[in-house]
Amino acid sequence: TKEKKRQMGDTKHFCPVSLKENFVLYPGLYEHAAKYREKIYYFSTSEYRDKFLKNPEEYVAHNEPIQAPPLRVCLLGTHGAGKTTCARQIADKLGIFHIQFEEYLQELILPKTKVKVGPDFGEEPEDDNKMPVLSQELDSFSQTMTTIESEKGKQEVELTDEEEAIKANLMDNEALPPEVLDTIVLDWWRKEPFRSTGFILDGFPRTSDEARYLSERGLCPDVAVYIQVEESDVLDRLFPPRLKKWKERQYKKMENKKKLKDLKAKLRV
């Protein structure tokens, strides 16, 4: 009741300095409050409170109300929960950007890797012990022709430290360092066209460390939605494409065996 009687500042309980400088609605804290022109303002840090008091006119409304930032949504859920499908529909309906986080990471290194990396792409390790032998025999026939090309390929796909970190995250789920996240995530909050349009971020944050990163950088989503589905539903969605990939690998194995057999027959002739 006492709080309702107070005359709040133009940004209500949000920090006016965070809004002005980062275009983010960051909740202020009671311990970092200040009074200006009979209005109470709350700030996210004591540093921002001091900055406001040095030049308050820079952070208050004048002729028009202060503009609020656009909608920023984090959509979370397990793999196969349908995040991307929902995110596309929401983004289209609200006129905001759809950012699929792991797909964005793939695009960052794709010019060098040439193919997408990770457990969902390429061939999985074969259980058949004969396959390594088969592969070695095929390689021995083409070794002379491919040596120069492979050395050239190694030079072309040399990755930077940042790109190596992204690849390790996609391949082995290694955590992305904050300095790498800074080069990716900050732009969605602070640079155009995302800054003035808004976005739905599909699949980020994925871990408690990534959520802590957003908090430490003052990157507050307006809404965070977690999609929870039954395991049977996830299985129904993911199993058919995985089965299709397995069948394709089996077909490729048979094709390789046939090629090796034909090649050996030609050499005998």
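Visitor: What makes Trp189 and Phe199 buried or exposed residues here?

Guide: In this predicted model, both Trp189 and Phe199 count as buried. The word applies to a residue with under 20% relative accessible area.

Visitor: Why is the pair of Trp189 and Phe199 called edge-to-face?

Guide: Let's set the values against the cut-offs. The ring centres are 5.0 Å apart, and rings pair if their centres lie within 6.5 Å.

Visitor: How many aromatic pairs does the structure hold?

Guide: There are ten. Another of them joins Phe101 and Trp188: with centres 6.2 Å apart and planes at 85°, this pair is edge-to-face too.

Visitor: What makes the pair of Phe101 and Trp188 a tie between parts of the chain?

Guide: Look at where the two residues sit. Phe101 is in helix 5 and Trp188 is in helix 9, so their pair ties together parts 87 residues apart in sequence. Both Phe101 and Trp188 are buried.

Visitor: Which residues touch the most other members of the largest nonpolar core?

Guide: Among them are Phe101, Trp188 and Trp189, in a core of 25 residues. Helix 5, helix 9 and strand 5 are among the elements that each supply at least two residues of this core. A second, separate core has nine residues, including Cys15 and Tyr41.

Visitor: Which residues do ring pairs link into a cluster?

Guide: Tyr36, Tyr41, Phe43, Phe52 and Tyr59.

Technical notes. Residues numbered from 1 in each chain as written. Predicted model: local features only at pLDDT ≥ 70, side-chain atom pairs only at ≥ 80, totals over all residues. Heavy atoms only, no water. Core = buried A, V, L, I, M, F, W, Y, C linked by side-chain atoms within 4.5 Å. Buried < 20%, exposed > 50% of the residue type's maximum accessible area, 1.4 Å probe, protein only. Helix = DSSP H or I, 4+ residues; strand = E, 2+ residues; numbered from the N terminus. Phe/Tyr/Trp six-rings, centres within 6.5 Å; stacked < 30°, edge-to-face > 60°.
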